[in-house]
Amino acid sequence: MRTKWLALAALCFAELLVMVDNTIVNVALPTMSSDLNAGVSGLQWIVDAYTLVFAGLLLTGGYLGDRFGHRRMLLTGVVGFVVVSVGAALAGTLGELIAARAGLGLFAALVFPATLALIVGIFTDPKQRAAAVGVWAATSGIAIAIGPVLGGWLLEHFSWASVFWVNVPFGVAAFAAVAVVIPARGVGDGTPLPRIDAVGVVLSIVGLGLLTYSVIEGPSAGWGSVRTVGGLLVAVGVLVGFVVHQRRVAHPIFDVRLFANRRFAAAAGMVAVAFFALFGFIFLITQYFQAVQGYTPLQAGIRTLPFAIVVAALSPGAMAASHRFGPRPVAVTGALLMASGFGLVQLVDQQSTYFGLIIWSMMLMAAGLALISGPCTQVIMDALTPEQAGAGSAVNDTTREIGGTLGVAVLGSVLTSVYASDVADRLTSIGVPAPVKEIAERSVMAGVEASARAPGGTGAAIHDVVASVFIDGLAQATWVAVGVSLVSAVVGGWALREPRRGAQVEAELEAESRAVLVHNDGVSHD
């Protein structure tokens, strides 16, 4: 019993290692821009190279774990993650750093699906498995807040390279923990499949990679541009080809027929929507903290901690409630709480205080995430056979990554559209010179810098306009989050309902079949 929970701790630590890298680098971008002479596009690729490769290879990583052993893939991924982190820390050019970030995404795609697959295999008791999955889901939520806090602290004491050097001791600790507490031939290290589905691997990488790339580039290239629309259409075509191929091949990467199960599909969709809304909001609110409230990166990171605290506190209770009442009411309540939290953001203005309003909206969102993530992950994993654990966990992980990427892209695009269309007119109306106005139009942070350089009262007036327009964009973007959360609640309320007679009828048919077999040959086929 004790060994199981030690294994859970080791696996969650490995999960934390790769999830923190999603957010820790953001606070280091201004320093990287100066040291590596990187423009806005270069900084975006420092962030996006990791997400692009990570999301594109998750299905492949889960499939390789199913075939060659999840423990083996996990340890391989951790070793590679540590080695490439050293390369990232030593990078002397922008290209070297972007390449290293892509390498980190590759090895993270081996680690992440393996953690959940091993947990599902180790915890065979339904109640224990539910609790373990809840802890795993809570760890993902906690990582969202840990990254900015840890990164902010490191930057106050060391160079930007420290956000990569920190992976080395953490990675060594994760490797040692997994190697010691998880058996070399434990659950998830079963007989390899007869053949590797090479075509499926290639189609999944190309389809998911191109989809993620097109979403990432959408705001800068334009959502109606040939590159964006063409990329999305080709990606959809490749993924359709992947689905067709998976239905025909004898040993697929993932049994796509599982999506015919409305509970499985709804649970995956609710997870995607939750991370869509939350990642998009985190992207926006960290800018609000720095641009409007004037916090440092560390101060802004610390103010995201309520996410981690609430998710950690409520996740075990969410799993217990799901076991008692079923996942449907728990997940639907979570979606409604998230919608309420985003709705509360509509009241934010320049005079809003952190403890007076913002923290309460963040806590509602975090509570909603806790109620959705664990129960829906359990629904997804319960629909799988042990042999599908790795690929199934990869589907769960991919929905998170794709959902989060879409959230940043879509909500960020809404904010940018509002800001770009309004700030120029507002600044012109107060007589701001054209050169200053052009700088402020680039981004909200550029606007803040322009206001800091302007003399006297002019600077204060520019800052008021920039902050006001940003808050208008924040309100419009969070309306999108409110809408998708409400749709998620409605769809989840319908699709997650328990089958009324399906399980009973299936059991009766199976019992009749066994009775016939016993009658015919006198031997039980149990």
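A salt bridge here is a side-chain nitrogen of Lys or Arg within 4 Å of a carboxyl oxygen of Asp or Glu. Keep that cut-off in mind for the first stop. The model on screen is predicted.

**Stop 1: the salt bridge**

Select Asp21 and Arg101. They form a salt bridge, with the closest N and O atoms 2.8 Å apart. The pair links distant parts of the chain, 80 residues apart. Asp21 sits in the loop between helix 1 (2–20) and helix 2 (29–36). Arg101 belongs to helix 5 (residues 94–122). By this rule, the count comes to one salt bridge.

Now colour by accessibility. Are Asp21 and Arg101 buried or exposed? Asp21 has a relative accessible area of 1%, so it is buried. Arg101 is at 0%, so it counts as buried too. The cut-off for buried is under 20%.

**Stop 2: helix 6 and helix 13**

Next, show residues 126–157 for helix 6 and residues 305–325 for helix 13. These helices pack at an angle of about 165 degrees. Their axes are 8 Å apart. Angles over 145 degrees count as roughly antiparallel, and helix 6 and helix 13 are therefore roughly antiparallel to each other. Their crossing is right-handed.

**Stop 3: helix 14 and helix 15**

Move on to residues 327–344, helix 14, and residues 354–382, helix 15. The packing angle is about 155 degrees, and the axes lie 7 Å apart. That makes helix 14 roughly antiparallel to helix 15. Which hand does the crossing of helix 14 and helix 15 have? Helix 14 passes helix 15 in a left-handed crossing.

**Stop 4: Thr399 and Gly269**

Pick Thr399, in helix 16 (residues 389–429). Its relative accessible area is 15%, so Thr399 is buried. Thr399 and Gly269 are 7.4 Å apart in space, yet 130 residues apart in sequence.

**Stop 5: a nonpolar patch**

Finish on the surface. Select Val79, Val83 and Phe175, which form a nonpolar patch there. Together they have about 240 Å² of accessible area. Zoom in on Phe175, placed in helix 8 (residues 167–181). How accessible is Phe175? Its relative accessible area is 33%, so Phe175 is partly exposed. Patch residues need over 30% relative accessible area, and Phe175 has 33%.

How values were computed. Residues numbered from 1 in each chain as written. Predicted model: local features only at pLDDT ≥ 70, side-chain atom pairs only at ≥ 80, totals over all residues. Heavy atoms only, no water. Patch = residues over 30% accessible without salt bridge, like charges linked within 9 Å, V, L, I, M, F, W, Y side chains within 5 Å. Areas by Shrake-Rupley, 256 points an atom, 1.4 Å probe, with all protein chains shown as cover. Helix = DSSP H or I, 4+ residues; strand = E, 2+ residues; numbered from the N terminus. Buried < 20%, exposed > 50% of the residue type's maximum accessible area, 1.4 Å probe, protein only. Axes fitted to C-alpha atoms, helices over the stretch in contact; angles between N-to-C directions. Parallel < 35°, antiparallel > 145°, perpendicular 65-115°, else oblique. Left-handed = near helix turned anticlockwise from the far one by under 90°.
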